[in-house]
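Subject: Structure handover

Hello,

Here is the structure we spoke about, with its sequence. My notes on what was found in it follow below.

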Amino acid sequence: MSATLKVRVWRGGAQGSFQAFEVPRHASQTVLDVVIHIQRALDPTLAYRYACRVGMCGSCAMTVNGAPRWTCRTHVDRVSHKGELTLAPLRNLPVIRDLVTDMREFFDKWAAAKGQFAGERSRADDFDKVMPESPARRAADAGIECIGCGVCYAACDVVTWNRGYLGPAALNRAWTLVNDERDRQALERLRAVAGDAGCHACHTHMSCTKRCPKHLSPTAAIAGLKRAVAKAAMDGEL
Ligand code: SF4
Ligand code: SF4
Ligand code: FES
């Protein structure tokens with residue numbers, strides 16, 4: 001291991017450029033450690049985002065040597081190429097500054113896919129119980145651990161080509177709720193994802209599934225939505 005790492009970091013907005021830094025190497029160093037070192041020791045104006053530093057919040061996601069990753073869970077040893085690292089903001093989202101993207105369109109699409117739970121019970125009612133071993137519960141569980149980090153969205157080429165496409169995270173969320181027995185707007189949700197910008201735009205590249213740090217499969221969720229939309233259309237419900 002050489003004593004230092006050469007790091008190129010995106011600076012500025014969409015029309016910015018890469019700036020080179022040299023950072024000391026350490027054992028078990030993460031990519032986020034490198035970014036923090038640059039900001040604390042070399043250039044305090046560097047903008048980036050993180051919160052938990054332990055793979056819980058997803059806010060540290062960036063493009064690391066061309067691929068979207070959680071930087072706090074990525075060891076430099078695994079991704080540096082010939083002692084070099086290139087860091088850029090997440091793809092497919094507007095850049096605010098340096099390594100920080102504007103996540104608004106990502107969450108707007110989440111809402112457009114009706115990603116909010118809509119139950120019918122009030123605070124006065126008992127819990128709506130869903131048995132852990134039931135098929136519906138297992139189907140909902142498959143995608144429920146999504147924390148909205150945007151890594152899959154940045155990995156998806158269809159989002160790049162078609163900026164209206166709802167994208168893997170919003171569709172994964174929609175499928176999770178379609179499978180939630182307590183939710184009462186499954187049909188509205190299927191309508192929301194049935195259009196040109198919805199599940200049928202997915203080309204099944206699997207990039208989202210390959211890159212999701214939570215090991216979820218938005219691709220499988222989207223396939224489920226395609227089947228459910230087709231069935232609802234055949235049943236005359238859409
Ligand atoms: S599906 Fe995975 S990669 Fe996509 S937003 Fe959720 S946790 Fe992140
Ligand atoms: S499987 Fe679909 S959503 Fe996932 S990256 Fe490919 S085109 Fe995008
Ligand atoms: S800082 Fe929270 S997941 Fe990386």
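Leaving aside neighbours within four places in sequence, Val7 is in contact with Gln19, Ala20, Phe21, Val23, Val34, Ile38, Leu85 and Leu87. Please keep in mind that this is a predicted model. Val7 also belongs to the largest nonpolar core, which has 57 residues. Within that core, Val7, Leu85, Leu87, Tyr165 and Val193 are the residues that touch the most other members.

As background, an α-helix has 3.6 residues a turn, so residues three or four places apart point the same way.

The residues around ligand 1 are Cys146, Ile147, Gly148, Cys149, Gly150, Val151, Cys152, Ala169, Cys212, Pro213, Lys214 and Pro218. By class, the shell around ligand 1 has 9 nonpolar, 2 polar and 1 charged residues.

Cys60

Cys60 sits in the loop between helix 1 and strand 3 (61-64). Is Cys60 buried or exposed? Its relative accessible area is 3%, so Cys60 counts as buried. Not counting residues up to four places away in sequence, Cys60 touches Leu32, Arg49, Tyr50, Arg69, Trp70, Thr71 and Cys72.

Salt bridges

The count comes to 15 salt bridges. In general, side chains of opposite charge can pair when their charged atoms come close.

The side chains of Asp98 and Arg11 meet in a salt bridge, at 3.2 Å from N to O. Asp98 lies in the loop between strand 6 (95-97) and strand 7 (100-101), and Arg11 lies in strand 1 (residues 4-11), so this pair ties together parts that are 87 residues apart in sequence. Asp98 and Arg11 are both buried.

Arg163 forms a salt bridge with Glu105, with the closest N and O atoms 3.1 Å apart. Arg163 is in the loop between helix 6 (157-161) and helix 7, while Glu105 is in helix 3, so the pair ties together parts that are 58 residues apart in sequence. Arg163 is partly exposed, at 42% relative accessibility. Glu105 is also partly exposed, with a relative accessible area of 24%.

Asp128 forms a salt bridge with Arg121, where the closest N and O atoms are 3.5 Å apart. At 26% relative accessibility, Asp128 counts as partly exposed. Arg121 counts as partly exposed as well, at 44% relative accessibility. Salt bridges that share partners also join Arg11, Asp43, Arg97 and Asp98 into one network.

Backbone angles

Most residues other than glycine have a negative phi. Which residues have a positive phi without being glycine? Ser28 is one of them, with phi near 55°. Ser28 is found in the loop between strand 2 (17-24) and helix 1 (31-42). The relative accessibility of Ser28 is 54%, and because the cut-off for exposed is over 50%, Ser28 counts as exposed.

Lys114 is another, with a positive phi of about 55°. Lys114 lies in the loop between helix 3 (104-112) and helix 4 (135-141). At 30% relative accessibility, Lys114 counts as partly exposed.

Regards

Conventions: Residues numbered from 1 in each chain as written. Chains lettered and ligands numbered in written order. Predicted model: local features only at pLDDT ≥ 70, side-chain atom pairs only at ≥ 80, totals over all residues. Heavy atoms only, no water. Core = buried A, V, L, I, M, F, W, Y, C linked by side-chain atoms within 4.5 Å. Buried < 20%, exposed > 50% of the residue type's maximum accessible area, 1.4 Å probe, protein only. Contact = heavy atoms within 4.5 Å. Helix = DSSP H or I, 4+ residues; strand = E, 2+ residues; numbered from the N terminus. Near = heavy atom within 4 Å. Nonpolar A, V, L, I, M, F, W, Y, C, P; charged D, E, K, R; others polar. Salt bridge = Lys/Arg side-chain N within 4 Å of Asp/Glu carboxyl O.
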